[in-house]
Amino acid sequence: MTANAANAASAPGAAAPSAPAVERIAPEAPLHDVMAGDARWQVKCLDHGFVAMVDCMPRLVPEGKTADFAIVQSARVSYGQGTKQVSEDRGLVRYLMRHRHSTPFEMVEFKFHIAMPIFVARQWIRHRTANVNEYSARYSIVPDRFYRPDAESVRKQSKTNRQGGDEPIDAGTAEDFLKLLERAEANYRDYLSLTEKGVARELARAALPVSVYTEWYWKCDLHNIFHFLSLRMDPHAQMEIQVFARAMYELIRPIVPVSCEAFEDYRLEGMHLTRLEVEAMRSGAPLATDNKREIAEWEAKRARLGLG
Ligand SMILES: Cc1cc2nc3c(=O)[nH]c(=O)nc-3n(C[C@H](O)[C@H](O)[C@H](O)COP(=O)(O)OP(=O)(O)OC[C@H]3O[C@@H](n4cnc5c(N)ncnc54)[C@H](O)[C@@H]3O)c2cc1C
């Protein structure tokens with residue numbers, strides 16, 4: 001619309017434009033629900049947690065197809081119609097994944113209801129591309145649910161990785177730690193009684209440990225879910241968040257099996273080589289650096305590649 005036409009349309013006394021007609025177009029093939037009519041698909045995590053898939057887009061897809069269909073549909077805007085065979089769809093999805101053509105993967109979305117300890121939520125919330133709505137501990141009383149690992153899962157601080165712990169600690173120290181958690185959980189009784197006496201919930205929660213569970217709805221597109229999963233299913237991520245990431249992956253896999261297969265082949269199980277590593281591989285010489293961590297990473301990659 002030109003500026004003059006816009007002015008004329010909004011001029012006092014001008015007739016309001018008529019509402020545009022909506023055309024309704026039936027699908028070319030019958031559609032089916034990728035969640036088979038279920039309300040939610042759920043995986044239990046840790047002692048009180050869960051990841052529940054409550055919705056996805058597309059939810060309805062042509063019979064015989066999976067939600068991978070939406071990726072191919074949008075990609076064909078840029079690559080033309082081509083043939084529409086399922087095998088070709090798979091090739092296209094795999095091409096897109098290999099070449100990091102990411103926007104078609106944003107056409108698929110998942111919505112989850114998740115319950116996790118607050119220390120897991122703190123790591124999770126760093127993934128900024130999701131839409132989140134969390135349980136309000138200002139508005140409501142925090143439920144009495146605390147994460148307590150099994151004694152065998154109490155880990156020793158790693159000496160090589162300051163952010164991690166892999167090996168189990170001795171039984172006596174594990175027992176002491178579990179007693180510490182129990183004492184921290186005991187604050188809950190006072191939290192309840194003081195909120196009953198009128199202390200504001202928003203303040204009273206400050207006495208609760210980060211092992212207490214929170215809940216949220218978390219909606220994210222597939223491209224960014226893969227980014228989340230590649231970081232949080234990785235063995236370097238904290239074990240507790242890995243449990244949730246793996247649960248999420250199990251939930252989405254049957255909905256977008258072709259994308260998940262490509263994700264595993266080209267990202268999750270794939271390997272990135274640096275320029276120094278490519279040169280070391282080509283020449284057979286040691287890695288051209290004295291950085292100990294980088295050398296150790298190269299050794300780990302060489303072992304995976306079967307290079308000794
Ligand atoms: C093993 C591990 C250890 C970690 N340790 C620490 C730690 O010690 N301290 C700490 O603070 N964090 C730590 N983190 C968190 C980490 O630094 C990231 O914040 C987190 O993994 C989210 O990654 P992201 O920003 O790529 O993801 P998202 O927020 O989901 O973003 C996805 C992508 O979108 C783009 N993007 C999103 N928002 C913006 C923006 N505002 N500007 C520009 N680009 C944007 C970026 O390309 C980004 O990679 C750790 C993470 C892992 C996996």
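In which loop is the place of Pro-58? Pro-58 sits in the loop between E3 and strand E4 (60–62). Helices (H or I, at least four residues) and strands (E, at least two) are DSSP runs, numbered from the N terminus. The peptide bond from Met-57 to Pro-58 is cis, with omega near 0°.

The model is predicted: local features need pLDDT of at least 70, side-chain atom pairs count only at pLDDT 80 or more, and totals for chains, interfaces and linings use all residues. Residues are numbered from 1 along each chain as its sequence is written.

An open sheet is formed by five strands in the order E2-E3-E5-E7-E6, with antiparallel pairing. Two strands pair if DSSP finds at least two bridges between them. Strand E2 (41–45) and strand E6 (131–134) are the edge strands, and each pairs on one side only. From one strand to the next, the twist averages 20°. Within the sheet, strand E3 (residues 49–57) and strand E5 (residues 109–117) pair in the antiparallel sense over seven bridges. Val-51 stands opposite Ile-114 in E5.

Two helices pack on the sheet. H7 touches E5 and strand E7 (213–221), and its direction makes about 130° with that of E7. Helix H8 (residues 239–252) touches E2, E3 and E5, and its direction makes about 160° with that of E2. Axes are lines fitted to C-alpha atoms, for helices over the stretch in contact, and angles run from 0 to 180 degrees between N-to-C directions. Residues are in contact if their C-beta atoms, placed from the backbone, lie within 7 Å.

Helix H7 (residues 222–232) also meets helix H9 (residues 257–268). Their axes come within 12 Å and cross at roughly 45°. H7 and H9 are therefore oblique to each other; angles under 35 degrees count as roughly parallel, over 145 as roughly antiparallel, 65 to 115 as roughly perpendicular and the rest as oblique. On the H7 side, Leu-222, Phe-226 and Ser-230 meet Ser-259, Phe-263, Arg-267 and Leu-268 in H9. The residues of this contact divide into four nonpolar, two polar and one charged. Ala, Val, Leu, Ile, Met, Phe, Trp, Tyr, Cys and Pro count as nonpolar, Asp, Glu, Lys and Arg as charged, and the others, Gly among them, as polar.

The ligand is surrounded by ten residues, the closest being Arg-126, His-127, Arg-128, Thr-129 and Leu-231. Such a residue has its C-beta atom, placed from the backbone, within 6 Å of the molecule. The shell divides into two nonpolar, six polar and two charged residues.
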